[in-house]
Amino acid sequence: MRRRDLLIPLLAMPATAGMAQSRKVVIGAEDDWYPYSAALGGRPEGITVELVTAAFQAVGVEVQFEPLPYVRCMAQTKAGHLLACFNTTRTAQIEADYAWPAKPMFEERFLIWALADAPSPRVGGLRLADLEGQPVAVTRGYEYGSEFDGNPRIVRMVTSHDENNFRLLLRGRAAYTLAPDINARLLFKRRPELAGRFKVVGQLNAYGLYTAFSRRHPQSAEMLAAFDEGMRTIHGNGTARAIFDRWRLRAGGP
């Protein structure tokens with residue numbers, strides 16, 4: 001009996017080691033959407049990087065990020081090569097391709113930008129319907145919400161970066177572009193030659209930003225549940241709010 005009792009914890013060790021291994025995950029991180037997620041010096045940084053790290057840490061999961069262009073990140077997640085990818089807007093066009101957390105990490109709003117000397121819009125600003133028939137600069141592979149993405153009457157001028165979208169306006173090739181306020185403010189700080197040359201003329205509806213999980217990855221169900229728990233924790237204890245406040249201060253916002 002004594003010898004058997006000694007063997008029991010030894011036999012349990014491989015299973016325990018396997019459980020510890022399962023609490024480490026690799027997630028794709030969008031590499032070019034600052035300040036949410038961007039590869040700076042080869043290392044992912046941004047609001048979402050910190051939120052996802054904090055959420056998984058709250059439930060004892062170690063996370064490693066693989067910075068990738070957004071389109072490739074989402075494709076590898078869909079195929080099951082990556083556990084998850086961010087930053088994703090949950091739209092009807094991609095709903096069935098991924099597994100979704102219970103709630104978005106946070107909500108954001110795309111603002112409609114035009115040249116600073118463009119005619120002033122009607123009271124209340126432009127809305128989605130006002131973009132129909134207009135050339136709107138957008139970033140390749142990004143989701144802009146189900147209503148925008150599903151509207152074929154909007155003329156899309158597709159580029160590889162948000163910065164290029166604004167430059168299309170300067171060249172007269174697009175009338176509008178879409179970007180959240182904090183993205184634009186930080187872009188103008190990094191590219192001062194763009195500052196003061198654009199104005200907000202409207203906005204789209206608020207949308208949720210998600211970490212989209214693979215439907216095919218073997219860790220997906222377990223880690224999606226862990227992620228949901230971690231997000232509830234960091235939103236409840238003030239960690240998420242502290243992350244946002246720090247980045248807003250960096251962007252020069254209120």
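Start by selecting W33, Y36, Y70, F106, F110, Y142, Y144, F148, Y207 and F244: ring pairs link them into a cluster. Here, rings of Phe, Tyr and Trp (for Trp, its six-membered ring) pair if their centres lie within 6.5 Å; planes under 30 degrees apart count as stacked, over 60 as edge-to-face and the rest as tilted. By this rule the count comes to 20 aromatic pairs.

Before you go on, note that this is a predicted model, where local features need pLDDT of at least 70 and side-chain atom pairs count only at pLDDT 80 or more, while totals for chains, interfaces and linings use all residues. Residues are numbered from 1 along each chain as its sequence is written, and side-chain values use heavy atoms, with hydrogens and water left out.

Next, pick W100 and Y210. Their ring centres are 5.4 Å apart and their planes stand at 80 degrees, so this pair is edge-to-face. W100 lies in the loop between β6 (84-89) and β7 (106-115) and Y210 in strand β11 (residues 198-213), so the pair ties together parts that are 110 residues apart in sequence. Strands (E, at least two residues) and helices (H or I, at least four) are DSSP runs, numbered from the N terminus. Both W100 and Y210 are buried, where buried means under 20% relative accessible area, exposed over 50% and partly exposed in between (1.4 Å probe, protein chains only).

Now select F166 and F198, another edge-to-face pair, with 4.9 Å centre to centre and 70 degrees between the planes. F166 sits in helix α5 (residues 162-170) and F198 in strand β11, 32 residues apart. F166 is buried at 1% relative accessible area, and F198 is buried at 9%.

Stay on strand β11 and click T211. Is T211 buried or exposed? T211 is buried, with a relative accessible area of 0%. Leaving aside neighbours within four places in sequence, T211 is in contact (heavy atoms within 4.5 Å) with V52, A84, C85, F86, P101, M105 and F227.

Last stop: show helix α2 (residues 47-58) with helix α8 (residues 239-251), which pack at an angle of about 160 degrees with their axes 10 Å apart. Axes are lines fitted to C-alpha atoms, for helices over the stretch in contact, and angles run from 0 to 180 degrees between N-to-C directions. Which residues of α2 and α8 meet? I47, E50, L51 and A54 in α2 meet T239, A240, I243, F244, R246 and W247 in α8.
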